[in-house]
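My notes are set out below in the order I made them.

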Amino acid sequence: MRFPSSAGSITGGYFTVKVRTNAIGAATPPKDSAGRKEGAVRTMSKRHASASPNDSLQDLSRNSSHDSSHDSSHDPSHGRSHAPSRNSSCAALSRPHGASPWWARERSIPAWDGFDIVYLFAIAGTIGTIYEEILVLVTQGVFENRSGSIITTVNWVYGMGASLMFVCLQRWRKPWQYFTIGALLGGVVEFTLSVIEQYLLGAKSWDYSGTPLNIDGRTSVPVMLVWGLLCTACMCWVFPPVLRLVHRIPRRPRRAIAVSLAAIMLVDLALFVPAIVRYSQRAQGLYFDNGYCRWVDRTFDDSFMHAHYPNMQVKH
């Protein structure tokens with residue numbers, strides 16, 4: 001089947017090609033289209049004459065070298081070193097993202113139970129005795145027994161303060177919180193024990209009346225700051241290793257030792273409380289005719305009490 005055809009021409013910027021179209025609009029090349037196709041290809045190639053093969057190879061090599069250098073700058077295993085930028089050097093000198101100073105970092109406290117409080121009480125009380133004796137030796141040049149105890153080396157003020165702070169500070173984990181709350185709790189403990197000793201036992205073991213920023217002579221702001229420092233040191237660096245060391249003891253021996261220590265300290269409490277009471281009563285001229293009071297007066301006489309409590313003031 002033959003279709004009717006029509007002739008036409010297409011005019012370009014460099015050449016003109018005559019074509020014939022059939023009835024459905026399909027272009028059919030003329031009979032001598034082979035030569036014209038070659039001329040069209042030669043003419044179209046003139047548009048890209050400026051881009052020689054050598055230039056194309058050079059562009060390709062430049063692109064490949066740029067890509068390789070870009071990849072090597074991000075590849076940590078690449079051998080070449082690159083000079084750090086200003087932002088990278090500042091980032092290296094600055095604190096890592098999310099890090100905080102030591103006084104704001106959270107601390108971890110090992111697992112503990114009621115038996116561990118006995119260990120902390122005894123250890124902190126003994127450390128307090130050593131601290132007080134060294135302080136007096138350095139500032140006054142004399143050695144004094146600063147335990148406040150009769151049969152142990154435990155200073156009850158430091159033991160009770162440390163135990164109370166440890167229990168109360170379980171909700172907090174940062175050193176600045178240890179310092180702040182420890183200073184307040186230390187002042188409260190010292191003030192309360194001073195009131196109890198004065199009004200219940202009739203004695204007074206410390207007096208800060210001549211100290212700046214004192215609170216009724218029972219504690220002072222500088223002493224409270226020392227309490228805060230001691231609390232921070234204990235909660236950060238003393239109590240955690242002590243608890244880990246204590247928990248290396250098997251469970252049953254650890255509890256047996258804690259019960260023994262508690263019993264010894266209770267016996268000590270039962271001895272020094274009546275000794276202080278009778279010391280104050282003797283200073284006021286009060287004597288009681290019973291076997292227990294005579295035994296206390298004979299065992300813990302004034303010379304004994306003055307040696308064990310050199311700073312204690314009693315009512316006369």
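What follows is my notebook on these topics.

**Setting up.** I am working with a predicted model, in which local features need pLDDT of at least 70, side-chain atom pairs count only at pLDDT 80 or more, and totals for chains, interfaces and linings use all residues. Residues are numbered from 1 along each chain as its sequence is written, and side-chain values use heavy atoms, with hydrogens and water left out.

**Largest pocket.** I noted the term first: on a 1 Å grid over the protein atoms alone, a pocket is an open set of points where a 1.4 Å probe fits, with protein on both sides within 12 Å along at least five of seven lines, and lining residues have an atom within 4 Å of a point. I read a volume of about 1,200 Å³ for the largest pocket (the space filled by probe spheres set on the points, which are joined across faces, edges and corners). I found 38 lining residues, with Glu132, Asn155, Val157, Ser205 and Trp206 nearest the centre. Helix H4 gives the largest share of this lining, six residues (helices are DSSP runs of H or I of at least four residues, strands runs of E of at least two, numbered from the N terminus). By class I have 23 nonpolar, nine polar and six charged residues in the lining of the largest pocket (Ala, Val, Leu, Ile, Met, Phe, Trp, Tyr, Cys and Pro are nonpolar, Asp, Glu, Lys and Arg charged, the others, Gly among them, polar).

**Second largest pocket.** I read about 230 Å³ for the second largest pocket. It is lined by 16 residues, and Ala124, Tyr158, Ala162, Leu230 and Cys234 are closest to its centre. H7 gives the largest share of this lining, eight residues. The classes here are 15 nonpolar, one polar and no charged residues.

**Serine 220.** I looked for serine 220 and found it in strand S6. It has a relative accessible area of 0%, so it is buried (under 20%; exposed is over 50%, partly exposed in between, with a 1.4 Å probe and protein chains only).

**Salt bridges.** I have nine of them in the structure (a side-chain nitrogen of Lys or Arg within 4 Å of a carboxyl oxygen of Asp or Glu). In one, arginine 282 pairs with aspartate 297, the closest N and O atoms being 2.7 Å apart. Arginine 282 is in H8 and aspartate 297 in H9, so the pair ties together parts 15 residues apart in sequence. Both arginine 282 and aspartate 297 are buried.
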